[in-house]
Amino acid sequence: MSTSTQVAAGTAAEQAAKKRKPQLSEGARAERRLGYLLCAPAVIVMLAVVAYPVVYAVWLSLQRYNLELPQQVKFVGLSNYGAVLSSPYWWQALEVTVIITVFSVAITLVLGMLLAMVLHRTLFARGTVRTTSLIPYGIVTVAAAYGWQYAWTPGQGYLSAAFNDSAPLTNHFEALIVIIIAEIWKTTPFMGLLLLAGLSLVPEDLLKAAKVDGANAWQRFTKITLPLMKPAILVALLFRTLDSFRIFDNIFILTQGSNNTGSVSILAYDNLFNALNLGIGSTISILIFICVAIIAVLFIKGFGTAAPGTSFGGR
Amino acid sequence: MAAVASTPRQKVGWTTANFVVIALALIPVLWLLSLSFKTPAAVIDPSFIPASWTWGNYSGILTSAQFIRPLINSIGIGLISTVISVVLASMAAYAIARLRFPGKSLLIGMALLIAMFPLIALVTPLFTIERALGLFNTWPGLIIPYIAFGLPLGIYTLSAFFREIPWELEKAAKVDGATPFQAFVRVIAPLAAPGMVTTAILVFLACWNDFLLAISFTSTIASRTAPAAMEYFSGSSQFTVPTGPIAAAAVVITIPIIVFVLFFQRRIVAGLTSGAVKG
């Protein structure tokens, strides 16, 4: 039976099941019917809110469509893509996004690993440490971003005061560093917890045996722990990379994209809500989607990351 | 778990590491707390401890419709979205974990795709659609997309939890004459409750945290949520210096998170890591 009937769940699936699978027992048919009925609402919502708008965004990206000039809406083919891809703003935003993603994910991975080891090895107040480290994960990004913004405001913030009243948010590179710090602070706990789950799968006996055989701590880490944790690390990296590529909240609060610190998401937002240009805004959105798809494919095919969740259906 | 750290020196090392972790996690939060208690005069002073303390920032925002209304919106929209997505997600997750039917992997693939989807790519088309349908700047205008983005998280987390449930009980119920639906409601749902609570917390935190959709699909305090409303404090004439009120608002919207984390620390960790390291 084709998987596409799942979309038209409910009655259609029922009929199809009746028509084509007469050999199925009553119980198996009831099971299949229930399966479709249970999935139908979730599928319908996801299709309506995500699948349809994506198709619509593709359509919008082929139009000249500015909300301020409604009478000039016109099908223009791929010319919006040409306009965006030949615009320095797009490449600037892409560069900023890639810089932020690479640095924040790389540093988060190292710090997350350290955090995971602290959480794994700690003997004292493990609950307290874990609870505390969950706060950055849970805190509203915007709330934390205001904290960082004020902390780096000269004459007002403790961090600015600690660095000779510097004003890093007014300078391209320093602002990027502040944005990356804010990202790292917010996302390290999540990384740490994912890695902790992977770390707890490493058999303690194996580490002890290696110690007896004379392996030092670094050798045990690189030769035993890391290889065994590879699947967990790759999944955590995939999650974090895709998440970081979408960065919006921190930049919106910290710099509003000034001094060329806007990410691709900020660029798309500006084109939509400041320039009211639905055509260009949609084009940027589709390009971001393509970038994210490339990252995901690279991870899954290139590094052999098991797509999270693939084990569900297989078992 | 691991009882390797045995020598006193190692103990001291790990304990120091603990304090470093706690300090790094808390200092930015304490800074917000400190700002929220600073008087307008003390705000222009970079010291970490307020020179003069005031409750004024809190009484200011908690009596202003510019904050109270968005706070109510945040709570209402968050709760409604959470309840609906957890109910729909548990139905789907049950089917995924338990039932044999074609198209299962397609559903999982779709959920995964949506979970990783760049939100901004949906803002443009949804903005246009919501304006056409009259959903722009309404509660449903935010609730519907929140449900859609809560679903993948919910389906994902819940199917991991549901696979751990002892399913012999379901069979026993069926032997006793229960239909699959009755088996779901009477036997499995109570067993699944812990996983559902965990999922509900994660989905609620995601809705509570959202900023992009909240600023894109709202235009007044009729539906603007708290994170989106803070930005508008700046232009408001009733606050001379918005730093204090914004910090107070940031602290207020952080309180539910601290409460969740304190009470459900184990569940949140279990939920976050479920499925991610299996298979």
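What share of contacts in chain A between residues at least 6 apart in sequence join residues at least 24 apart? I got 66%, with two residues in contact if their C-beta atoms, placed from the backbone, lie within 7 Å.

Before going on, I noted that this is a predicted model, where local features need pLDDT of at least 70, side-chain atom pairs count only at pLDDT 80 or more, and totals for chains, interfaces and linings use all residues. Residues are numbered from 1 along each chain as its sequence is written, while chains are lettered from A and ligands numbered from 1 in the order in which they are written.

Chain A next. I found 14 helices and 2 strands there; helices (H or I, at least four residues) and strands (E, at least two) are DSSP runs, numbered from the N terminus. Of its 315 residues, 46% are buried, i.e. 20 or more other C-beta atoms, placed from the backbone, lie within 10 Å of the residue's own.

Then chain B. I see 12 helices and 0 strands. Its C-alpha trace spans about 75 × 70 × 30 Å along the principal axes. Buried residues are 50% of its 279. For contacts in chain B with a separation of 6 or more, 75% are between residues 24 or more positions apart.

Last, where the chains touch. Chain A puts 95 residues into the contact and chain B 94. On the chain A side, helix 2 (residues 26–61) gives the most, with 19 residues. That side of chain A divides into 62 nonpolar, 26 polar and 7 charged residues; I counted Ala, Val, Leu, Ile, Met, Phe, Trp, Tyr, Cys and Pro as nonpolar, Asp, Glu, Lys and Arg as charged, and the others, Gly among them, as polar.

Definitions and conventions: A residue is buried if 20 or more other C-beta atoms lie within 10 Å of its own, exposed if 12 or fewer, and partly exposed in between; C-beta atoms are placed from the backbone.
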